[in-house]
Amino acid sequence: AAVARVGVLDYSDGTRSWREYRPAEEVFAADSLATLRGATVTDLHPAALVTPETFAAVSRGHAADASRRDADLLVTDLMVQDAELVRMVNAGERREVSCGYTCEVEPTAGVTPEGERYDAIQRRIRHNHIALLPPGEGRSGPEVSLRMDGAAFEVRPVREVRRDAAGESMKSIKIKGREIKLDAAEDEVGA
């Protein structure tokens, strides 16, 4: 799973909104990565950080020991050991990932190297748990999600039936948002 990313995240407390930057040197810092080892996997975010007192009630699995960088994503293997959560993952009801963590927020505004404005910087990120969420609910976006086939992206079938000019149905899939006709001639697929 991609469990976190570099970049700007949006926050709101109901009355105001702000943007916090997670720079690569903080997301991939060795002491931050160390806190992911064995981190508890939860179904949704628990009401508070996972503690020894709440562990048995919220634990549905754990993170493996080897976290790694994949471009701007932080990737680690997850072991989901709860039957109901496994069912929800297989049914597509839980796909996005969101880490519960603590950090020090440095109130320094600026602009990322990519040109995004932010109001503060997250420093000294310490992971507590890894929540599995329904599609569309992760703060970091859909790229921070489970990678069910181990690939860098998920292949999703096109749901609607399409017909060509002769009225024949066309089989197609979407890969990274690009639709590809399965019965297309090789020169129609492109690079």
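## Stop 1: helix α4

This is a predicted model. Select helix α4, residues 83–90, and colour Leu85, Met88 and Val89, which are buried. Looking down the axis of α4, you will find its buried residues within an arc of 100°, so they line one face of the helix. What do these buried residues of α4 pack against? Show β4, β8 (78–80) and β12: these are the packing partners. Now turn to the other side of α4, where Ala83 and Asn90 are exposed.

Next, go to the start of the helix. A side-chain oxygen of aspartate 82 comes to within 3.3 Å of the backbone nitrogen of glutamate 84. Glutamate 84 also forms a salt bridge with arginine 87, with 2.9 Å between the closest N and O atoms. Both residues lie in α4, 3 residues apart, which is about one turn of the helix. An α-helix has 3.6 residues a turn, so residues three or four places apart point the same way. Arginine 87 is partly exposed, at a relative accessible area of 39%, and glutamate 84 is partly exposed as well, at 40%. After α4 comes glycine 92, with a positive phi near 80°.

## Stop 2

Select leucine 133 in strand β12, residues 120–133. Is leucine 133 buried or exposed? Its relative accessibility is 5%, so leucine 133 counts as buried. Beyond its neighbours within four places in sequence, leucine 133 is in contact with several residues, including Leu44, His45, Glu93, Arg94 and Gly138.

From that list, pick leucine 44, in the loop between β4 (40–43) and α3 (55–58). Leucine 44 has a positive phi, near 65°, though it is not a glycine. Leucine 44 is partly exposed, with a relative accessible area of 33%.

## Stop 3: the loops around β6

Alanine 71 is another non-glycine residue with a positive phi, about 60°. Find alanine 71 in the loop between β6 (68–70) and β7 (73–75). At 56% relative accessibility, alanine 71 counts as exposed.

Then select serine 67, in the loop between β5 (61–63) and β6. Its side chain makes a polar contact of 3.4 Å with the side chain of threonine 76. Leaving out residues up to four places away in sequence, serine 67 touches Leu33, Leu36, Leu74, Val75 and Thr76.

## Stop 4: aromatic rings

How many aromatic pairs are there? The count is 2. For one of them, select tyrosine 11 and tryptophan 18: the ring centres are 6.0 Å apart and the planes are at 15°, so the pair is stacked. Tyrosine 11 and tryptophan 18 are both buried. Tyrosine 21 and tyrosine 118 also pair, with ring centres 4.9 Å apart and planes at 25°, so they too are stacked. Tyrosine 21 is in strand β3 (residues 17–22) and tyrosine 118 in strand β11 (residues 117–118), so this pair ties together parts 97 residues apart in sequence. Both tyrosine 21 and tyrosine 118 are buried.

Arginine 16 lies over the face of tryptophan 18, at 4.2 Å from the ring centre. The charged end of arginine 22 sits over the ring of tyrosine 101, 4.9 Å from its centre.

## Stop 5: salt bridges

The model has 15 salt bridges. Select arginine 19 and glutamate 116, whose side chains meet in a salt bridge of 3.1 Å, N to O. This pair links distant parts of the chain: arginine 19 is in strand β3, and glutamate 116 is in the loop between β10 (110–111) and β11, 97 residues away. Arginine 19 is partly exposed at 26% relative accessible area, and glutamate 116 is partly exposed at 33%.

Last, select arginine 123 and glutamate 25, which form a salt bridge with the closest N and O atoms 3.8 Å apart. Arginine 123 lies in strand β12 and glutamate 25 in helix α1 (residues 24–27), so the pair ties together parts 98 residues apart in sequence. Arginine 123 is buried, with a relative accessible area of 17%, whereas glutamate 25 counts as exposed at 54% relative accessibility.

Definitions and conventions. Residues are numbered from 1 along each chain as its sequence is written. This is a predicted model: local features need pLDDT of at least 70, side-chain atom pairs count only at pLDDT 80 or more; totals for chains, interfaces and linings use all residues. Side-chain values use heavy atoms; hydrogens and water are left out. Helices (H or I, at least four residues) and strands (E, at least two) are DSSP runs, numbered from the N terminus. Buried means under 20% relative accessible area, exposed over 50%, partly exposed in between (1.4 Å probe, protein chains only). Contact means heavy atoms within 4.5 Å. The arc is that of the directions from the helix axis to the C-beta atoms. A polar contact is a pair of N or O atoms within 3.5 Å; within protein, one must be able to donate a hydrogen and the other to accept it, and residues adjacent in sequence count only if both atoms are side-chain atoms. Rings of Phe, Tyr and Trp (its six-membered ring) pair if their centres lie within 6.5 Å; planes under 30 degrees apart count as stacked, over 60 as edge-to-face and the rest as tilted. A charge sits over a ring if NZ of Lys or CZ of Arg is within 6 Å of the ring centre and within 35 degrees of the ring normal. A salt bridge is a side-chain nitrogen of Lys or Arg within 4 Å of a carboxyl oxygen of Asp or Glu.
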